[in-house]
Amino acid sequence: TQFSKLTSFRQALNLARQTIETAAEEIHKEFAPQLGAAIGKSLAAITNNRYSTIQVDPANLHVSVRDPATDRTRAAEELSFGTTEQIYLLLRVELARLMSGLHEGVPLFFDDTFVNFDATRLRNVLNLLQDISAQNQIMLFSKDNQVVEWFDLSLAGNPVYRLFAVKPNGSIVERT
């Protein structure tokens, strides 16, 4: 009958959902430590080694950081606003990089992502992005003159990198 077919179909769907949830949990258990290690390495570079030990909860990918000043683990949201933004920026970057795996690196787009970074951490994250650009194409949009200054000091003259600046009159200037 139609009812028994629908009941059977519902049971099959429930079994499929449970199987997918179990597989996702197993993948998260393996993936979360890799993600935490990758974020920790990058965060250490940005924070001049202040924060380097990161834990990622496999159930929900919630990020916690060991605070060396207090030697306790704190949720990312308990740190300064700028540090929290840096952690979640790195979470997105490292998720994209780990998920692309051995395949060609996915392009990464940033649009005024660094507005709450101090000058030192801005420079550090730009250096990190330069390193990442060996595997991933980076597209960075910013109104911050510090980004242009960093480009001029770090990348000017290297034909691999390009900077496009829009002048107030609307004209576009390209620099390599």
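This is a predicted model: local features need pLDDT of at least 70, side-chain atom pairs count only at pLDDT 80 or more; totals for chains, interfaces and linings use all residues.
Figure 1. The axes of helix H2 and helix H3 cross at roughly 5 degrees and come within 13 Å. Because angles under 35 degrees count as roughly parallel, H2 and H3 are therefore described as roughly parallel to each other. On the H2 side, the contact is formed by Thr83, Gln86, Leu89, Leu90, Val93 and Arg97. These residues meet Arg121, Val125, Leu128 and Ile132 of H3. By class, the contact of H2 with H3 contains six nonpolar, two polar and two charged residues.

**Figure 2. Packing of helices H1 and H3.** Helix H1 spans residues 2–46 and helix H3 spans residues 119–132. Their axes lie 8 Å apart, and the two helices pack at an angle of about 135 degrees. H1 and H3 are therefore oblique to each other. In H1, the residues of this contact are Ser42, Ala45 and Ile46. Their partners in H3 are Arg121, Asn124, Val125 and Leu128. Four nonpolar residues, two polar residues and one charged residue make up the contact of H1 with H3.

**Figure 3. The second largest pocket.** This pocket holds about 180 Å³ of space. Its lining consists of Ala38, Lys41, Ser42, Ala45, Glu94, Arg97, Leu128, Asp131, Ile132 and Gln135. Two or more lining residues come from each of H1, H2 (81–100) and H3. H1 provides the largest share of this lining, with four residues. In terms of class, the lining of the second largest pocket comprises four nonpolar, two polar and four charged residues.

**Figure 4. The largest pocket.** The volume of the largest pocket is about 930 Å³. The pocket is lined by 27 residues, of which Leu140, Phe141, Arg162, Leu163 and Phe164 are the closest to its centre. H3, strand E5 (138–141), helix H4 (145–154) and strand E6 (163–166) each contribute at least two residues to the lining. H4 gives the largest share, five residues. The lining of the largest pocket divides by class into 18 nonpolar, six polar and three charged residues.

Figure 5. Side chains of opposite charge can pair when their charged atoms come close. The close-up presents the side chains of arginine 17 and glutamate 21, which form a salt bridge with an N to O distance of 3.3 Å. Both residues belong to helix H1. Arginine 17 and glutamate 21 are four residues apart, about one turn of the helix. Across the whole structure, a search finds nine salt bridges.

Technical notes: Residues are numbered from 1 along each chain as its sequence is written. Side-chain values use heavy atoms; hydrogens and water are left out. Axes are lines fitted to C-alpha atoms, for helices over the stretch in contact, and angles run from 0 to 180 degrees between N-to-C directions. Angles under 35 degrees count as roughly parallel, over 145 as roughly antiparallel, 65 to 115 as roughly perpendicular and the rest as oblique. Contact means heavy atoms within 4.5 Å. Ala, Val, Leu, Ile, Met, Phe, Trp, Tyr, Cys and Pro count as nonpolar, Asp, Glu, Lys and Arg as charged, and the others, Gly among them, as polar. On a 1 Å grid over the protein atoms alone, a cavity is a set of points where a 1.4 Å probe fits but cannot get out, and a pocket is an open set with protein on both sides within 12 Å along at least five of seven lines; lining residues have an atom within 4 Å of a point. Grid points are joined across faces, edges and corners, and a volume is the space filled by probe spheres set on the points. A salt bridge is a side-chain nitrogen of Lys or Arg within 4 Å of a carboxyl oxygen of Asp or Glu.
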